[in-house]
Amino acid sequence: MLAKRIIPCLDVRDGRVVKGVNFVNIRDAGDPVDNAIFYDEQGADELVFLDITASHEKRKIILDVVEKTATDVFMPLTVGGGIKVLDDIRDLLNAGCDKVSINTTAVNNPEFIKAAAERFGSQCIVVAIDAKRVHDSRFEIDQKREVPEWLNVFSELKQRLFIENTSERAWEVYTHGGRRPKGINAVEWAKYMEELGAGEILLTSMDRDGTKEGFDLELTRAISESVSIPVIASGGVGNLEHLYEGISIGKADAVLAASIFHYREYTVRQAKEYLKDKGVAVRL
């Protein structure tokens with residue numbers, strides 16, 4: 001049995017770690033390199049950096065953070081945020097990260113994932129999916145919803161991916177840090193990304209992000225059971241039982257958390273020992 005992974009997540013803005021609730025109400029949570037060293041010493045399996053204000057001008061900040069982190073820690077590092085071209089991936093890998101996380105560019109141009117996987121290998125291409133539950137089964141297109149142009153061009157893909165064509169229990173894909181709904185069914189999107197070469201899915205429930213109410217287990221399980229690549233569950237961890245539920249009920253291969261680790265409510269070691277006592281295979 002493969003060991004389940006515990007992954008702290010560091011949202012980085014202008015070189016500082018921050019944390020919010022439902023993608024807003026941001027507050028400072030420390031220095032990213034110091035946090036990374038702390039988690040490495042605790043035995044975290046991996047670490048995720050999400051550059052939440054990435055832009056061309058600020059890209060150098062996260063590259064510096066990655067270089068410093070890679071020098072001081074030895075666990076795998078995933079970096080996401082603002083990746084638009086293949087050279088962005090090259091620069092991040094050269095700076096020392098092991099995997100890159102891609103969301104907005106994948107939605108705007110799915111073939112980018114195929115090109116990235118072919119050039120760098122599927123093992124380092126993570127597709128991040130920010131998903132929000134659709135509560136109204138009548139789903140209607142409104143002025144705020146930005147359906148990608150390619151989805152309207154390819155009728156077969158639209159029939160498959162467009163959320164209006166799905167059952168009433170569905171989740172919609174969002175981009176730009178959870179600000180823009182795209183009309184895409186999250187479960188079908190995960191399957192499509194796997195087909196194009198993604199090696200892993202980083203799944204965040206926008207409804208649960210920062211709430212400490214636990215993962216959206218229905219969403220997590222729906223995607224975990226729809227793909228054969230690993231799924232990292234994210235969004236909503238408030239206690240150690242939530243981590244266990246993400247694995248046992250949500251069927252996730254890894255569980256990601258931020259607040260409970262950042263603010264020292266629990267340690268990674270405590271999380272692993274808790275899961276081990278529950279019969280989950282972990283690396284201690």
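The dialogue below takes up a few features in turn.

Q: What kind of model is this, and how many helices and strands does the protein have?

A: This is a predicted model. The secondary structure of the protein comprises twelve helices and twelve strands.

Q: How much of the protein is buried, and what share of the contacts joins residues 24 or more positions apart?

A: Of the 284 residues in the protein, 53% are buried. For contacts, take those with a separation of 6 or more: residues 24 or more positions apart account for 69% of them.

Q: At what angle do the axes of α10 and α12 cross?

A: Helix α10 covers residues 240-248 and helix α12 covers residues 268-277. Their axes cross at roughly 55° and come within 10 Å of each other.

Q: Which residues of α10 and α12 meet?

A: On the α10 side they are L240, E241, L243, Y244 and I247, and on the α12 side Q270, A271, Y274 and L275. By class, the residues of this contact are seven nonpolar, one polar and one charged.

Q: How do α5 and α8 pack, and which residues meet there?

A: Helix α5 (residues 111-120) packs against helix α8 (residues 186-196) at an angle of about 35°, and the axes are 8 Å apart. This crossing, too, is right-handed. From α5, the residues E111, I113, K114 and A117 meet Y192, M193 and L196 from α8. The residues of the contact of α5 with α8 divide into five nonpolar, no polar and two charged.

Q: How many disulfides are found in the whole structure?

A: A disulfide is a covalent bond between the sulfur atoms of two cysteines. A search of the whole structure finds zero disulfides.

Q: Are C97 and C124 buried or exposed?

A: A residue is buried when its relative accessible area is under 20%. C97 is buried, with a value of 5%. C124 is buried as well, with a relative accessible area of 3%.

Q: Where is T78, and which residues is T78 in contact with?

A: T78 lies in strand β5, which spans residues 77-80. With a relative accessibility of 4%, T78 counts as buried. Setting aside neighbours within four places in sequence, T78 is in contact with E46, L47, V48, F49, K99, V100, S101 and V126.

Q: Which value does phi take in K212, and where is K212 found?

A: Phi of K212 is near 65°, a positive value in a residue other than glycine. K212 sits in the loop between β10 (200-205) and α9 (217-224). Its relative accessible area is 33%, so K212 is partly exposed.

Q: What is phi of R264, and in which loop does R264 lie?

A: R264 has phi near 60°, a positive value, and is a residue other than glycine. The loop that holds R264 runs between α11 (259-262) and α12. R264 is partly exposed, with a relative accessible area of 44%.

Notes:
Residues numbered from 1 in each chain as written. Predicted model: local features only at pLDDT ≥ 70, side-chain atom pairs only at ≥ 80, totals over all residues. Heavy atoms only, no water. Axes fitted to C-alpha atoms, helices over the stretch in contact; angles between N-to-C directions. Helix = DSSP H or I, 4+ residues; strand = E, 2+ residues; numbered from the N terminus. Contact = heavy atoms within 4.5 Å. Nonpolar A, V, L, I, M, F, W, Y, C, P; charged D, E, K, R; others polar. Left-handed = near helix turned anticlockwise from the far one by under 90°. Disulfide = S-S within 2.5 Å. Buried < 20%, exposed > 50% of the residue type's maximum accessible area, 1.4 Å probe, protein only.
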